[in-house]
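Hi,

Here is the structure I promised to pass on to you.

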Amino acid sequence: MPNLETTSGELPLGYAEALYWKIAEKTSRILLINLLSIPLAFVFGIVFFTIARVFGKSTGFFFGSSATALLFALLLTIIIHELIHGMTMQIFGARPKYGINWKGLMVYATAPGYAFQRNQYLVIALAPLAAISLAACLGILIQASSPSVWLWAICA
């Protein structure tokens, strides 16, 4: 049985990479990832719009207020999402690097040369979901009765 005890960030002895999937390598992969996100967006959209409706107490709807504010909030959410990935990587000892893949229209956080254990990887992958969802729920509660609750729901 291979030795799985390692210093943080190093590959264990006997490690064999099962799969390396570079998303931006093929247009079909980018399309597949985006298509897979649609059902999740639908489910989470229902959840957060319900939270906004029940707890936000807003009668107004955000869309007519400001398309610029919506665009800015969505871009900020994407940047914060990647920063949360990177900060979580730092907690596990990695030095994250951030970038933009213009061909695939993607922003990313990565830790070149650093190997994460499975549970660390799961925490890194799910950290933005937990943090942004919590922030959105708090934003909805704090700004109840304001049309901005819908902005929080959209960004979540």
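Below is what I found, going from the whole chain down to single residues.

A quick word on the ground rules. This is a predicted model, so local features need pLDDT of at least 70 and side-chain atom pairs count only at pLDDT 80 or more, while totals for chains, interfaces and linings use all residues. Residues are numbered from 1 along each chain as its sequence is written, and side-chain values use heavy atoms, with hydrogens and water left out.

Let's begin with the overall layout. The chain has 4 helices and 2 strands; both are DSSP runs numbered from the N terminus, with helices being H or I of at least four residues and strands being E of at least two. Among contacts with a separation of 6 or more, 59% join residues 24 or more positions apart; a contact means heavy atoms within 4.5 Å.

Now for the helix packing. How do α1 and α3 cross? The axes of α1 (residues 27-56) and α3 (residues 118-142) come within 9 Å and cross at roughly 25°. Axes here are lines fitted to C-alpha atoms, for helices over the stretch in contact, and angles run from 0 to 180 degrees between N-to-C directions. That makes α1 and α3 roughly parallel (under 35 degrees; over 145 is roughly antiparallel, 65 to 115 roughly perpendicular, and the rest oblique). Their crossing is right-handed, which is the label when the near helix is turned clockwise from the far one by less than a right angle, anticlockwise being left-handed. On the α1 side, the residues in contact include Phe 44, Phe 48 and Ile 51, and they meet a set in α3 that includes Leu 129, Ser 133 and Ala 136. The residues of this contact divide into 10 nonpolar, 2 polar and no charged. For these classes, Ala, Val, Leu, Ile, Met, Phe, Trp, Tyr, Cys and Pro are nonpolar, Asp, Glu, Lys and Arg are charged, and the others, Gly among them, are polar.

α3 also meets α2: their axes come within 8 Å and cross at roughly 135°, so α2 and α3 are oblique to each other. This crossing is right-handed too. The α2 residues in the contact include Thr 77, Ile 80 and His 81, and those of α3 include Val 123, Ala 131 and Ile 132. By class, it has 10 nonpolar, 4 polar and no charged residues.

Leaving out residues up to four places away in sequence, Thr 77 touches Ile 132 and Cys 155.

How many salt bridges does the structure hold? There is 1 (a side-chain nitrogen of Lys or Arg within 4 Å of a carboxyl oxygen of Asp or Glu). It pairs Glu 25 with Arg 29, with the closest N and O atoms 3.2 Å apart. Glu 25 is partly exposed at 48%, while Arg 29 is buried at 16%.

Last, find Ser 145 in the loop between α3 and α4 (148-155). Its phi is near 75°, a positive value in a residue other than glycine, and Ser 145 is exposed at 53% relative accessibility.

Cheers

Key
Buried < 20%, exposed > 50% of the residue type's maximum accessible area, 1.4 Å probe, protein only.
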